[in-house]
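Please look through the sequence and the structure below before reading on. The report then takes up a few of the details that can be followed there.

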Amino acid sequence: GSSNIEGIMLDPPEEENVIWGGTAFQKMNNIRILIVRNTHFIPEPSYLPNSLRLLEWDKYPSKSLPSNFHPKDIVDLSLPCSQLNLKMKKSFQKMLHLTYMNLSMCQFITHFPDASGVPNLKELKLNYCQNLIAIHPSVGFLKKLKHLSACHCMNLKHFSPTMWLPSLQYLNLDSTSIEFFPQTEKPMHEPLEITMQNDRIKDLPSSISNLMGLRKLYIRFKGLVPGGLPKDLFMLPEMVSLSIFDSPNVGESFKRFLIDKPGCYSYSPLRLLNCSACGLTDEDLHAILCCSRNLEELYVPWNEFVCLPTIIKESSKLRYLCVTKCKKLSEIPELPSSIKNVEAKDCPILSSKASELLWSQALKEVYRLEIIMPKITMIPIWFDHCNEGGVVSFWARQKFPVLAVAFILKEKASMGSANLYINGCNARQFISNNYYCPYVNAEHVLLFDLRSLFKDGEEWRFLDTFLIYEWNYVEVKYECDNLLLNDVVGMSNVSHCGAYVYKGQSNMEDIQFQCPYSTM
């Protein structure tokens, strides 16, 4: 070792074993950075320099840090996949400058210790610590903590029962065994995202109203929520995204809010609501739409309603609607003019009237329209073109026409790539990195505005430069990869396809569905 060394990084391309005496760091009094990856030391280190500012050691080989290791200036401590068990008292004492700690995938840690010795910690990662049972309550009162993640710690049962983390911006306790959301002692104003999808949470405390900066909440409950969701949850001033999974009485909470807070629903900040598998009925969905007038995205798959309420037409900002796997859904009323995307996969008793209404969205010439629905009715007769197979073809000149295309899949569910060819050249590969590859169920329809293939209007307008001839041959193909049989089925899985030209945005004299040269 040498006192002149300030940093060491070991990161060989293949894992290596290093046989040493364990004390080589003793003379490195000025080393500030030590990074060890893909390297296994035998024996474990008996000494680490106190001058370290950054210690990153993947698969650290010892159950504890050396007893004489007191790096008062350390900022970054990252020991993922290590042998640490943190059973030594005062494991993290007097690390007053420590801001980042990553102990993810440390399978010997059962209890995360007192964190009062790291008051400036900003980020703590304990992900995939399979044997972690408890996190010390002091973690709930780290005033500088911005990011706390302990996801996929399946045995984690005990977290701070109360908390006040005024700097917190991200909390992830997914896939743990925690049953209770902590009480929040005082208001927290930082923009905050919380995800607790763990099948164990029993309820939310009323003190969630103190999370004034809460913007996004993802939560999965264990069955019924006693008393329902707190009323104030729907009126938190910054709450724009709420995702609730497997809560059979969430609809009751919306209905109660509608009664208890009349007139307040117009001010709900919610933009995205996901209530998957919550047993929602027609009445529940009506209450949700009444309470959430500013919704832009509504995900209600795996629910029990039969008809979408007519009030949905008043959701003037709604762009995306997902009703996939709603096995009882039969009727869809008129949708708001703002709607662009409807996902209605596996809705087996959807009426022909509902199907026709979804087809008619193309008549409205909706920008970036995308609809996936069961094949209840075939391609409408008002489409400008329809044929068997998986290729929509036409001739265009001067200005590329705006049109919606439809593909009807046969018996195989497929992930498909929609591509556009002009005079035999795949135009998308030269223009766009927009990845348009929707999953479409067997016996389903994919209907979309061709502009969805491109990132923005500028890319779309660039298509005009490909129209170099008097008439240019265009093909739109939905080329399928069969996910179930693990093979490529090309266009053979498409039974019919068609096109509808947006008349208000295209010149019909500049598009032909029959070869213009054959009539000259």
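## Confidence of the model

This is a predicted model, and its protein chain averages a pLDDT of 90, with 93% of the residues scoring at least 70. Over residues 483-489, however, pLDDT stays under 50, and for this stretch the model has 13 contacts beyond four places in sequence.

The structure holds 25 salt bridges, and one of them joins Lys255 to Glu283, with the closest N and O atoms 3.7 Å apart. Because Lys255 lies in helix α1 (residues 250-260) and Glu283 in helix α2, this pair ties together parts that are 28 residues apart in sequence. Lys255 counts as buried because its relative accessibility is 15%, which is under 20%, whereas Glu283 is exposed, with a relative accessible area of 52%.

Asp284 is also found in helix α2 (residues 282-291), and at 6% relative accessibility it counts as buried. Leaving aside neighbours within four places in sequence, Asp284 is in contact with Gly251, Glu252, Lys255 and Gly279.

## Another salt bridge

The side chains of Arg271 and Glu296 meet in a salt bridge, at 3.7 Å from N to O. This pair links distant parts of the chain, with Arg271 in the loop between α1 and β18 (272-276) and Glu296 in the loop between α2 and β19 (297-299), 25 residues apart.

## A nonpolar patch

On the surface, Leu363, Ile381 and Trp382 form a nonpolar patch, which together has about 340 Å² of accessible area. Leu363 is found in the loop between α3 (352-359) and β22 (370-374), and at 42% relative accessibility it counts as partly exposed.

Note on methods: Residues numbered from 1 in each chain as written. Predicted model: local features only at pLDDT ≥ 70, side-chain atom pairs only at ≥ 80, totals over all residues. Heavy atoms only, no water. pLDDT = per-residue confidence, 0-100. Contact = heavy atoms within 4.5 Å. Helix = DSSP H or I, 4+ residues; strand = E, 2+ residues; numbered from the N terminus. Buried < 20%, exposed > 50% of the residue type's maximum accessible area, 1.4 Å probe, protein only. Patch = residues over 30% accessible without salt bridge, like charges linked within 9 Å, V, L, I, M, F, W, Y side chains within 5 Å. Areas by Shrake-Rupley, 256 points an atom, 1.4 Å probe, with all protein chains shown as cover. Salt bridge = Lys/Arg side-chain N within 4 Å of Asp/Glu carboxyl O.
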